[in-house]
Amino acid sequence: MINTVKISDMSSLFSMISEQDFRSDLGRYRNLFVYRGQPNSEFKLVTSLMRNCKNMRKMLEPCILRNFTKYAALEEPSIERSVWRQMIFGQHHGLPTRLLDWSYSPLIALHFSTSEFDMNQMSQHDSAVWRIDIHEIHDLLPEKYKKESERLSNTVFSVDMMQDVCASLEMYDSDMGDRSMVIIEPPSVDRRIVNQYSFFSVIPSDMNDIEGFLDKNTKNTYKYIIDKELRWQIRDMLDHQNISERIVYPGLDGLSRWLGRHYFVK
C-alpha cells in the first residue's frame, strides 16, 4: 500500500527526515529507505522514457541506447561494456531512459521537491517526497537475483552485479514482468552522482503503473505531501543546511541556478 502523510509543519518534517530505525544486529540507527522529490504532488511516478516515448518506448528504447552509445563512446568508452552503463550515463546526461531517480538522502529529495524552474509556482501547489524500502523491493526479486545479492552480501545492485546476472534488457524484462524491479547504485563517475547520493530503480517495460505496483506489493511506501504554505520555509532551511543547486549540481551551472534562486524576489 501507499501511505500518504501530509507535511504541514516543521515538526512533521523533522520526523520524516529522522526516521531511521534501530538495528539491534548493528547497534546503530540505519535503514534502507530511498527518497524521490517531486515539485508537484500531482505528478505521477514515471520515467523519462515513459514521458518521451509513451506507448512506443519498448520499440524506441534500443534505438535511443544504440545511438547514444555510438556517439558517446568517444567521451566515455566504458559505456560499451554493458547496457546498464549506457542507461546510467545516459540518464546522468539527460537521455530518456527507464531509470527512475532516487536518493538515500531525504534532504536531497526535499531539495527537488522545493525547486521550481518558475519560482513563482512555489506557493501555488503542494509538492511531494516519495519513500520506498529497498528491502521490500528486494524481497520481490526473482530467485537468481536474490542469489547474486546474497553471494556478495549486498541488497543494492551494482552495474557489474547486473551484468553478471542479466546481460540484456530483453532478459531483464522477461525476468521481471510487472512484478518486481532492481535498485541500482550507480558508479561514482562524477561529483553530481556522489553529492546526490544517487540510486536508480530499473523499471521493466511491462510495468506501466509504477504507483500501482508499489500500492499492490509494498507496505512501507510513503508519499509525503509538502504543504504549499511550507515550501519556502523548507527551501530556506535547506539552503541554511548547504543543500542547494551549488551542491546538487557541482560546477558553474549549479552555482548560477543557486544564485538566481537565492536572489529571487517573491
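A pocket here is an open set of grid points where a 1.4 Å probe fits, with protein on both sides within 12 Å along at least five of seven lines. The model is predicted. Its largest pocket has a volume of about 1,200 Å³. Of the 40 residues lining that pocket, R36, G37, D101, F112 and Y249 are the closest to its centre. Strand β8 is one of the elements that supply at least two residues of the lining, and five of its five residues are buried.

**Largest pocket**

- Four helices among the contributors are α2 (48–53), α4 (83–92), α5 (106–113) and α10 (191–195), each with at least two lining residues.
- Helix α14 (252–262) and strands β4 (33–38), β5 and β8 also each supply at least two.
- The largest share, five residues, comes from β5.
- By residue class, the lining divides into 18 nonpolar, 13 polar and nine charged.

**Second largest pocket**

- The volume of the second largest pocket is about 270 Å³.
- Its lining has 14 residues.
- Nearest its centre lie L32, S153, N154, T155 and V156.
- This lining divides into six nonpolar, six polar and two charged residues.

- Strand β8 covers residues 198–202, and five of the five are buried, so the strand is largely enclosed by the rest of the structure.
- Buried here means under 20% relative accessible area.
- S198, F200 and V202 point one way from β8.
- F199 and S201 point the other way, and the residues on both sides are buried.
- β5 (residues 99–103) pairs with β8 in the antiparallel sense, over five bridges.
- In β5, S103 stands opposite S198 of β8.
- β7 (residues 182–184) also pairs with β8 in the antiparallel sense, over three bridges.
- In β7, I183 stands opposite S201 of β8.

**Helix α12**

- Helix α12 spans residues 231–240.
- Its buried residues are R231, W232, I234, R235, M237 and L238.
- An α-helix has 3.6 residues a turn, so residues three or four places apart point the same way.
- Just after α12, N242 takes a positive phi of about 65°.

Technical notes: Residues are numbered from 1 along each chain as its sequence is written. This is a predicted model: local features need pLDDT of at least 70, side-chain atom pairs count only at pLDDT 80 or more; totals for chains, interfaces and linings use all residues. Side-chain values use heavy atoms; hydrogens and water are left out. Buried means under 20% relative accessible area, exposed over 50%, partly exposed in between (1.4 Å probe, protein chains only). Two strands pair if DSSP finds at least two bridges between them. On a 1 Å grid over the protein atoms alone, a cavity is a set of points where a 1.4 Å probe fits but cannot get out, and a pocket is an open set with protein on both sides within 12 Å along at least five of seven lines; lining residues have an atom within 4 Å of a point. Grid points are joined across faces, edges and corners, and a volume is the space filled by probe spheres set on the points. Ala, Val, Leu, Ile, Met, Phe, Trp, Tyr, Cys and Pro count as nonpolar, Asp, Glu, Lys and Arg as charged, and the others, Gly among them, as polar.
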